[in-house]
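Thanks for coming. I will walk through one structure today, so please keep it in view while I talk.

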Amino acid sequence: MTTIATQNLLQIKDVRQAFTKNDGKKLLVLEGVNMELHDKEIVALLGKSGSGKSTLLRIIAGLIEPSGGEVMFEGDKVTSLTRGISMVFQTFALFPWLTVLENVELGLEAQGLSEKEVRRRALDAIDLIGLDGYESAYPRELSGGMKQRVGFARAMVVNPEILLMDEPFSALDVLTAETLKTDFLDLWLERKIPIRSVLLVTHNIEEAVVLADRILIFSSNPGHVSSEIRVNLPHPRDRLAPEFANLVEEIYSLMTAKVKTKEVVVGTRVTDITLGERLPRTSPNQLAGLMEEIAAAPYNGHADLPALDNALQMSTEELFQIIEALRILRFAEVDKGDITLTEAGRKFVAADTQKRKSIFAEQLLKHIPLATYIKRVLNERPGNRANRMRFLTKLEDFMSEVEAREVLTAITSWGRYAEIFSYDDNSEVLSMENPTAED
Ligand code: ADP
Ligand code: MG
């Protein structure tokens with residue numbers, strides 16, 4: 001029987017995932033996720049942190065059942081851990097009391113093989129990934145790179161058809177990560193591993209372009225695949241080639257594209273939905289720093305994002321957070337991989353400290369509904385004070401507790417800087433100075 005489903009190794013159909021938080025409210029993390037994996041391809045899923053990538057991988061691996069939609073593996077619905085799909089974790093996930101060999105053998109435990117066969121296959125996997133001689137070492141005796149090699153060996157020892165990798169290189173230093181990437185790619189290209197398809201989750205654009213045949217851009221709130229890019233460059237890929245740079249540029253542009261906000265129909269919900277906006281965790285100092293950088297030569301107010309990224313001493317993830325903040329505060333506009341300071345941005349850079357604060361306050365109250373909301377609540381309160389819990393609880397209606405805390409941290413540092421309100425770290429009280437009431 002030939003059906004469309006069997007042509008695709010893996011098919012993800014309309015997957016949706018909502019979590020129930022401690023307070024009983026729902027958090028929608030994934031919605032309308034659709035994608036496929038085919039034979040002989042490495043697919044990179046590229047998205048910002050918190051967009052739901054790990055959640056999606058855990059659904060594919062059968063570790064969690066999605067709230068909606070389905071995952072089909074070779075035509076069968078995945079409902080629990082599935083032989084044929086295995087996973088490499090970001091944090092290695094090794095058992096400290098087991099040796100390298102025992103950690104790798106663990107992968108085979110459920111397969112009902114003879115002890116001898118288990119040993120043979122584990123030793124083969126260890127050999128393949130370059131851990132020969134470390135069989136009896138314990139994880140604490142290994143460097144991060146070697147630990148992750150154990151993670152790879154354990155995932156590959158079962159001869160999976162699909163290998164899921166959750167940011168497997170992001171906990172490693174740059175050089176170690178490069179070596180492991182190259183070693184893995186060699187095994188894959190020389191067909192030394194029988195894996196049919198790899199799904200690599202990453203937030204690193206270059207890593208995706210170096211390794212993948214296809215890149216799926218994953219957007220947040222809720223997480224979904226927003227675009228797809230084919231990478232047809234031959235291996236080994238030259239990062240300095242113009243084609244490579246063009247692709248990186250195109251992806252930057254897609255990742256910073258303005259997110260289409262869902263149309264809000266019911267009038268009274270407007271504030272609620274806009275209050276749920278995720279504010280990137282950045283300080284006014286970081287925002288000012290980047291604006292100054294862009295305003296100065298050689299950019300003079302207008303910069304190419306990949307060029308800017310290369311010139312700065314920060315991670316791409318961090319840069320994106322700052323750019324996102326500048327964008328929502330309308331200090332900058334982002335278009336097709338370029339960033340340009342707005343009138344407000346240029347004024348800010350040119351101003352002195354006190355003037356900067358008032359420009360910041362103006363942007364904040366004009367464009368961030370949460371700032372206006374906090375101001376209004378403090379205004380209405382006796383003594384113009386409120387505990388931060390008051391706002392945290394409100395935010396938790398729209399996002400997870402962790403995110404609510406991050407958003408409140410961001411707005412607190414922005415509002416403080418703009419002198420819209422003050423915040424006392426010890427008492428955790430936000431307050432607004434009200435000169436007329438003091439008279
Ligand atoms: P990513 O891997 O892209 O960084 P995750 O999938 O880890 O994103 O998380 C996406 C969102 O889902 C986050 O807001 C996170 O707090 C939330 N989340 C993940 N797992 C759970 C869970 N078990 N319960 C509640 N919320 C969760
Ligand atoms: Mg993750």
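Predicted model: local features only at pLDDT ≥ 70, side-chain atom pairs only at ≥ 80, totals over all residues.

I begin with Glu70, which is partly exposed at 23% relative accessibility. Residues are numbered from 1 along each chain as its sequence is written, chains are lettered from A and ligands numbered from 1 in the order in which they are written, and side-chain values use heavy atoms, with hydrogens and water left out.

Which residue meets Glu70 in a salt bridge? The partner is Lys13, at 3.5 Å from N to O. A salt bridge here is a side-chain nitrogen of Lys or Arg within 4 Å of a carboxyl oxygen of Asp or Glu. Lys13 sits in strand S1 (residues 10-20) and Glu70 in strand S4 (residues 68-73), so the pair links parts of the chain 57 residues apart. Helices (H or I, at least four residues) and strands (E, at least two) are DSSP runs, numbered from the N terminus. Lys13 is also partly exposed, with a relative accessible area of 32%.

Over the whole structure, a search finds 25 salt bridges. Another of them joins Glu105 and Arg119, with the closest N and O atoms 2.6 Å apart. This pair links helix H3 (residues 100-106), which holds Glu105, to helix H4 (residues 115-128), which holds Arg119. Glu105 counts as buried at 14% relative accessibility, whereas Arg119 is partly exposed at 40%.

Next come Glu161 and Arg196, whose side chains meet in a salt bridge of 2.7 Å, N to O. Glu161 lies in the loop between helix H5 (144-156) and strand S7 (162-166), and Arg196 in the loop between helix H6 (174-189) and strand S8 (197-202), so the bridge ties together parts 35 residues apart in sequence. Glu161 is partly exposed at 23%, and Arg196 is partly exposed at 29%. There is also a network: salt bridges that share partners join Glu178, Lys181, Glu206, Glu207 and Arg239.

Now back to S1 and S4, for the sheet. Four strands form an open sheet in the order S2-S1-S4-S5, with antiparallel pairing; two strands pair if DSSP finds at least two bridges between them. Its edge strands, each pairing on one side only, are S2 (26-37) and S5 (76-77). S1 and S2 run antiparallel and are joined by eight bridges, and Thr20 has Lys26 in S2 as its bridge partner.

A hairpin comes next, made of S12 and S13 with two residues between the strands. Four bridges join S12 to S13 (residues 338-341), and the two run antiparallel. In the hairpin, Lys336 takes a positive phi near 45 degrees.

Methods: Buried < 20%, exposed > 50% of the residue type's maximum accessible area, 1.4 Å probe, protein only.
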